[in-house]
Each structure stands twice: as C-alpha cells, then as structure tokens.
Amino acid sequence: QPPGKHRRYPNTRLWLYDPTMRTSLTLLFCLSLAACGSNKSNTPNNDAGDHLGTDGSPGTDGGTNNGTDGGDPGSGMFPSFAHQDITNAPVDSESTTIMNALNASGWDSGRKLGIDASFVILNADASVMPRPFTEDPSALPDCDTAPIPVPPGGRIEGNTDYACADGGDCHLLVYQGARLYELFQADISGGMATGGTFNGGCLVIWDTTRDYWASSSVGPNYSRGDGCNGADAADLPIAPLILTAAEVKAGAVNHALRFTLPNANIRANVYVHPATHIGGPSGGANTMPYGAHLRLRADYPMDKLPSDAARVVAAALQKYGMFMADGGHIYISATDDIASALDPSDLSALVPSDFAMIDGGQRINWHNQNCTRTPISQ
C-alpha cells in the first residue's frame, strides 16, 4: 500500500497508520494494544486514529441537492449528546488533574489549538442510487456493508474528488434521507462518482431518527455497541460534530464540536461514553480518555479572541463543548471552506487551562468489550 495508509496486520482486528511503512518499537507497542492511532502530520486531514472500522437534518437545504452542502448539518437533534446544554453540567472528578497535566504539555508539545479544515459534508438526493464498495472483511462485525450513495461532483476528506490520493483518512460523509453514511478510507479510482473501483475501510450507517445514546440504552445496546469501532476511533458520528463555515457566518453553532489529540495525551485502554472504542492511546493516569467532553470556562474573556467568528465558536464551546474523538494533533474538525468564515489561527489563544472536563462517568476498559452487532447490509 502507498505510504501513509492504515494497514491491516494479520491475525488482528487492526489497521495501523504507518507513514514510513517500517517496523518499529512503536508498531510493536501498538500491536500489544490491539489498536493503534497515529498523530497527524503537520498538514491537517490526517486525523489518523485507528479504524477497523462513527436526529438531525442534513442541512438547511433539506438535503435535496447533490454534492457539497453549505448548510448546517447539526441543525437537527442528531446526535442527542451533541445538543445538550452543558453550561451547568458537573465537572469530572479528575478534571483538574487532567487539564493541569495537559496545560503543562501545551496541548500537543506546545502546538496551539488549530482547525482541521479538510472535511466535506455531502447530500445525496433520492436520484442518487447507492453503489456497492469493497470492504476488508476484517472490519466485520463492527462495520456496515450496504451500498453507499455517491453524489456527482463531491469529494472526500482532504482531496479534490473521490480518489484517496493523499494517504489521509479520506472520510466520505454523505446524508441521504434519514441516513448518514460515514466511510473511513474511501477511495474510488478515477475519482468520479461513477465508474472506477470503489474501496473503503469501515462504513457506519447512522439512522438520524434514532437516539442511540438514550438513557435507556445501556450495556450492549448503547450506541452501536460497546467495543464497536466506527468511521473514527471513538465510534462517534463525524459529520454532525464538524464546524461549518455556514453556521459560523450565521452567527450560531448549535452543537458540540469534534477534536483530536495526540495519542500520548490520551489515556491507554479506556474510554467514556458516548465513545465506545479507542484508537492507540498510550497516555498515563493523568490523561483524558477517549470520548472526553471538554467545556470552555464561562468567564473566558471573549475580547482576547481576534474575531467575532472566533467568539461564535467559543460560545458553542461554553454551551455544548467538544468531544475528543480521534488521535492526531490538536485540531477542531471543520469543513474545508471554513477559512471563508474563520481564520484557522483564531482559536489559538485557547489553552487547556481554559477548559474543564465534564463528568464522563465510568471508565470502560476497551479490552473487556466485544462488539456483537449485526452489520447493516442494505
């Protein structure tokens, strides 16, 4: 495979991000965890967690148009956990320890909070017939297998069309009707919606009319199942947590956001809900688990931020927060047109000590979980 791809290693449920394709002590350590993520390169769009395989409106245009949707994909209530007002939510008992330790390391070895402007959210109307793709059989049963609608003129994360040419995660995110299709490592040879060979890593199909995270959903019925992987390492929906240019321009971000963090700063072996999976974390007891939910402090001095757009995002971080969903550099995930609304450096003043970790409840050991779901095949 080309450099930078996630590789599957025999006799494991494992894809590893190995940009040099060389065996190393890091690789051996990752294999011992049975899951491994990798940090991003200096260029956003490689959020490279580990993947075997992540109710809302698909946008303000109602999802009737094919191709890129400039609307707000989070304007509905899917996922439910992303629309909860956490202004007064209790702080986790480990918050001070975790955030102080992260502050000492400066998020990511001194790297400032940035924006990963590489994602594309697509809408496919009813005229787009789903097309089958080839998925590695090792992705089962965590991942779905149904055909995927591919709108003409669209593109995948970090690329100009549907060909995964950059060695990144190449997520394909498509709403059609009440479904959200999220595919890791999508790749269509030739790059067009039709023709070519369509391959992918893990597919997750979300029913946007269903609340997978209701309080009654416990044990193996929680989300897609504890221990189940997805289109990102935490098995959280991706598209509804992405910051879009349209909502920033509209002056309101009405949902939680998605962010990534280096695996060395993520606690090994465990996650907290709403996550159900991990990548390749190697952090110690003073690091946050996968699925951690951060809230910007209410008294943050907004005048320190350089723009009204940055203040719009900061207000969302105070009310809804952001979820740690994958291994990588310290980035908030955003659409690839975000620069038309927000300078990528406008949030760089936000440091870990400006945030608290919301009570995440039980730390769940990933190694004790076994994904037993039935994949969606049609």
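Biologist: Which residue in β10 is the bridge partner of Asp187?

Modeller: Asn199 is the bridge partner of Asp187 in β10. Strands here are DSSP runs of E of at least two residues, and helices are runs of H or I of at least four, numbered from the N terminus. The model is predicted, so local features need pLDDT of at least 70 and side-chain atom pairs count only at pLDDT 80 or more, while totals for chains, interfaces and linings use all residues. Residues are numbered from 1 along each chain as its sequence is written, and side-chain values use heavy atoms, with hydrogens and water left out.

Biologist: In what sense do β9 and β10 pair?

Modeller: Antiparallel, over 2 bridges. Two strands pair if DSSP finds at least two bridges between them.

Biologist: What is the order of strands in that open sheet?

Modeller: The order is β6-β10-β9, with mixed pairing. β6 and β9 (187-188) are the edge strands, each with a single partner, so one side of each has no neighbour in the sheet.

Biologist: Changing topic. How many disulfides are there?

Modeller: The structure holds 3, counting cysteine sulfur atoms within 2.5 Å of each other as a disulfide. One of them joins Cys143 to Cys202, S to S 2.1 Å. Cys143 sits in the loop between β6 (134-135) and β7 (172-176), and Cys202 in the loop between β10 (198-200) and β11; the pair links distant parts of the chain, 59 residues apart.

Biologist: Is the disulfide of Cys143 and Cys202 left-handed or right-handed?

Modeller: Left-handed, because the torsion about the S-S bond of Cys143 and Cys202 is about -110 degrees.

Biologist: And is Cys143 buried or exposed?

Modeller: Cys143 is buried, at a relative accessible area of 0%, and Cys202 also counts as buried at 0%. Buried means under 20% relative accessible area, exposed over 50%, and partly exposed in between (1.4 Å probe, protein chains only).

Biologist: What parts of the chain does the Cys228 and Cys371 pair tie together?

Modeller: Cys228 and Cys371 form a disulfide with their sulfur atoms 2.0 Å apart. Cys228 is in the loop between β11 and α3 and Cys371 in the segment after β19 (364-365), so the pair ties together parts 143 residues apart in sequence. The S-S torsion is about 90 degrees, so this disulfide is right-handed. Cys228 is buried at 1%, and Cys371 is buried at 7%.

Biologist: How far apart are the sulfur atoms of Cys164 and Cys170?

Modeller: They are 2.0 Å apart, in a disulfide. The torsion for Cys164 and Cys170 is about 75 degrees, so that disulfide is right-handed. Cys164 and Cys170 are buried.

Biologist: What does the side chain of Arg224 lie 2.7 Å from?

Modeller: A polar atom of that side chain lies 2.7 Å from the backbone oxygen of Asn229. As for Tyr212, it is 12 residues from Arg224 in sequence and 7.1 Å away in space, C-alpha to C-alpha.

Biologist: What does the side chain of Glu182 reach at 2.9 Å?

Modeller: The backbone nitrogen of Ile238. Glu182 itself is in strand β8 (residues 179-183).

Key. A polar contact is a pair of N or O atoms within 3.5 Å; within protein, one must be able to donate a hydrogen and the other to accept it, and residues adjacent in sequence count only if both atoms are side-chain atoms.
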